[in-house]
Amino acid sequence: MKAVAAEMRQLMLGETLSSLTAIPAESVEHGEVFTRRWVVDLILDLAGYTADRDLAALVAVEPACGGGAFLAAMAARVSASCRKHDRPLLDAKRAIRAFDLLTPNVTASRRLVREVLVDEGWSLPEAREVATAWLRQGDYLLDPHVQEDVDFVVGNPPYVRLEAVPADRMLAYRAACPTMTGRSDLYVGFYERGLRSLGPGGVLAFICADRWMRNQYGRQLREFITAGYSVDVTVTMHDVDAFEEQVSAYPAVTVVRRARQGDAVVVDTRRGFGPQDAPELVESISGTELATRANDRYEVARLPHWFTGGDSWPAGSPSRLALIEALNDRFPPLEDANTGTRVGIGVATGADSVFITTDADVEPRRLLPLSMVKDTTSGSHSWSGHYLVNPWDADGQLVDLAALPRLRAYYQRHAAALKRRHVAGKRPAHWYRTIDKVDHSLIERPKLLFPDMKTTIHPVLDEGGFYPHHNLYYIVSDAWDLRVLGGLLLSGVAQAFVEAYAVKMRGGTLRFQAQYLRRIRVPRPEAISAADRAALAAAFHERDTRAATEVALRVYGIETLEM
């Protein structure tokens, strides 16, 4: 089946290429950011592209060679490997396949490879022959001659937003690389094509912006990787001077292998990390006994496996990631059918100025008490007197306006605004509906409410009788005492989960959205002792985060919260 799928992709790519308008390479934004030599050497070492191996018998691909930063280091390693294994240089003519879209880059890289090989003691004619064989002008994402079953794909793919690419080339890229969805970056395609080209056990090692690990446009790539590859190493280098020029790229080195997922090493480097530290880091990673190691320049930890699926991969220090993974393995998710625990969001109206009021002349039963973000500020639910002018019956159907003259008059006074909404345009007869239906079964249920945007997690208990606004997320449960659960969710452990997964905004504000709340892991309610339940409920009542965290650490079996 894999062979058939690959053949179909190739046919589709051929059809797309045949219709692709000829675009001068110079007209495409290239996003070139050149990598420092010591960083290149670190990446090659992490990939296992080392001179002690018979590199002439292996195939390595550099998909966007630029000025030749990777090729120069690779040429030196191939040279040393040939001497070590008593091979002539020409044995390595097929050892490297490098691509670049721009003629000047190909010319410069060939010259650089020749110079390196001549400096290594090889003759100019054989150095020229090898350099010519290694480099090819072409678009790696679209070139039909990209080799399959290669041993290595290494490099620094271009940093280009897909919408900055001419339209017909963008369509060709999307046809060639299905993981490039939405507002993707071009490097997503380089990951996909590189990974598809690996043979069993083959390794891809890129330095690249790490936004794809968490952003929506990286979801398909994350699913693709976790379905068939092993994330071996990630090295976050946000504060490291890794490139020849200053860029705000949030770079990370990612080493991915075509193999079943094994353990994974995560590294977070600090501003002082430099060429003097790279060999020590590689040696630490290579050791079998590594658990956690930290100094003032980097921190490293080994995880028993990587995170699964297409949901965002967590961010944070290696020790924090190790903690998150351990808790993921040991505890069920917060949203759980076994406990009847559910996470949701309040009602979106599409016209809050019409649907939300403190005093509307409508039938009283059409006014639904509404919880607003301001009602949660103090930590206890303090209703501000807002209502939803509710167009929904308890059975989930829109009310008949003919039977409700005051409601009909109210909506008709605002008909122009209501009918301009997209939701009304889709169903003109239902012009007075809110975007979301009202779930009447939720009204009387106790709920934990969470404001969308806060710097720290802020659960607040609504004991029932109110419906949440769409800037509030809520939790209901059949099994939990919500005061006990509120204590757990007030703790630093719950905060750690959200910090690992959530988008962080300016000023450190976090988005406490349902997708992130669902990532929190919790013990079974019955597994918590009566004393700890009481202590959690008390901490929640007193809004004592420190006390809640102290009990939560005991309940989760954690000694401390590593930062």
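**Exercise 1: a strand and its partners**

Four bridges join strand 15 to strand 19 (residues 472-476), and the two run antiparallel. This is a predicted model, in which local features need pLDDT of at least 70, side-chain atom pairs count only at pLDDT 80 or more, and totals for chains, interfaces and linings use all residues. Residues are numbered from 1 along each chain as its sequence is written, and side-chain values use heavy atoms, with hydrogens and water left out.

Task: Find which residue stands opposite Leu 448 in strand 19, and state how many residues of strand 15 are buried.

Solution: 
- Step 1. Recall the terms: strands (E, at least two residues) and helices (H or I, at least four) are DSSP runs numbered from the N terminus, and two strands pair if DSSP finds at least two bridges between them.
- Step 2. In strand 19, Ile 475 stands opposite Leu 448.
- Step 3. Strand 15 also pairs with strand 17 (residues 460-462), in the antiparallel sense over three bridges; here Leu 449 faces Val 460.
- Step 4. Buried means under 20% relative accessible area, exposed over 50%, and partly exposed in between (1.4 Å probe, protein chains only). Five of the five residues of strand 15 (447-451) are buried.
- Step 5. Both faces are covered, with Lys 447, Leu 449 and Pro 451 on one side and Leu 448 and Phe 450 on the other.

**Exercise 2: rings in contact**

Task: Classify the ring pair of Phe 331 and Tyr 556.

Solution: 
- Step 1. Rings of Phe, Tyr and Trp (its six-membered ring) pair if their centres lie within 6.5 Å; planes under 30 degrees apart count as stacked, over 60 as edge-to-face and the rest as tilted. By this rule there are 19 aromatic pairs.
- Step 2. The centres of Phe 331 and Tyr 556 are 5.2 Å apart and the planes are at 80°, so this pair is edge-to-face.
- Step 3. Phe 331 is in the loop between helix 10 (318-330) and strand 11 (342-345) and Tyr 556 in helix 19 (residues 545-556), so the pair ties together parts 225 residues apart in sequence.
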